[in-house]
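Reader: Please show me the sequence and the model. I have some questions about them.

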Amino acid sequence: MTHESAVIRDMRHAESDAVRNVVLSAYREYAAIMPAPLWTGYRRQLLATLEAAGPVERIVAEREGSIVGSVLLFPPATVAYGAAAVSSEYPEVRLLAVIPEARTHGIGLALMEECARRARRAGAAALGLHTTDIMRAAVRMYERLGYVRVPAQDFSPVTGVLIKGYRLDLRTNR
């Protein structure tokens, strides 16, 4: 799938380093607003998630030969967040990342639309994700796409941090 100047496609095995760099670049801004121990743990979790085994769809946005964005799509019933989270009966979007210099060009939107397309193709009735209030731009985009809060899917991996659940109804949002 092509969107503006980016091609949305499956990640190739040889691109795992590039995707790791994209994710770390995209999430680095949160290091400045999180306490250092929290950021260290979060960064470790980002890297562990990228290394997750199993049936995870790894989707990238490529522009001019470079990976500028990525997202993971976990299948239903996968505990995408480990023991802290509730398992879901629908697919889960994880680690949407767009490098800072490629933002505002619709790449994050294209990656999210691709996740919804794939979930619909697999017969899913809904698509879930989790995020935090510090990710303001992402939350705005999710809400524009039709995602709604699902407090029953919220969890707290550490004291004082609330990870909020969201869901997109794929039957009504096309």
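Reader: In which helix is S25 found?

Author: The model is predicted, so local features need pLDDT of at least 70 and side-chain atom pairs count only at pLDDT 80 or more, while totals for chains, interfaces and linings use all residues. Residues are numbered from 1 along each chain as its sequence is written, and side-chain values use heavy atoms, with hydrogens and water left out. Helices (H or I, at least four residues) and strands (E, at least two) are DSSP runs numbered from the N terminus. On that scheme, S25 is found in helix α1.

Reader: Is S25 buried or exposed?

Author: Buried means under 20% relative accessible area, exposed over 50%, and partly exposed in between (1.4 Å probe, protein chains only). Contact means heavy atoms within 4.5 Å; leaving aside neighbours within four places in sequence, S25 is in contact with I99 and P100. Its relative accessible area is 18%, so S25 is buried.

Reader: What distance separates the end C-alpha atoms of α2?

Author: The expected span of a helix is 1.5 Å times one less than its number of residues. For the 15 residues of α2 that gives 21 Å. The model agrees, with the end C-alpha atoms 21 Å apart.

Reader: Which residues of α2 are buried, and which are exposed on the other side?

Author: W39, L46, T49 and L50 are buried in α2. They cover an arc of only 100 degrees around the axis, which puts them on the same side of α2; the arc is that of the directions from the helix axis to the C-beta atoms. What covers these buried residues includes α1, β3, β4 and β5. On the other side of α2, the exposed residues are P37 and R44.

Reader: How far apart in space are L73 and R118?

Author: L73 is found in strand β4 and is buried, with a relative accessible area of 3%. Leaving aside neighbours within four places in sequence, its contacts include C115, R118 and L127. L73 and R118 are 45 residues apart in sequence, and their C-alpha to C-alpha distance is 8.8 Å.

Reader: Is T104 buried or exposed?

Author: Most residues other than glycine have a negative phi. L95 in strand β5 has a positive phi near 50 degrees, and L95 counts as buried at 8% relative accessibility. T104 lies in the loop between β5 and α3 and has a positive phi of about 70 degrees. At 79% relative accessibility, T104 counts as exposed.

Reader: Which element gives the largest share of the lining of the largest pocket?

Author: On a 1 Å grid over the protein atoms alone, a pocket is an open set of points where a 1.4 Å probe fits, with protein on both sides within 12 Å along at least five of seven lines, and lining residues have an atom within 4 Å of a point. The largest pocket is lined by 50 residues, of which Y27, Y30, Y42, T131 and M135 lie nearest its centre. The elements that give two or more residues to this lining are α1, α2, β5, α3, β6 and α4. The largest share, seven residues, comes from α4.
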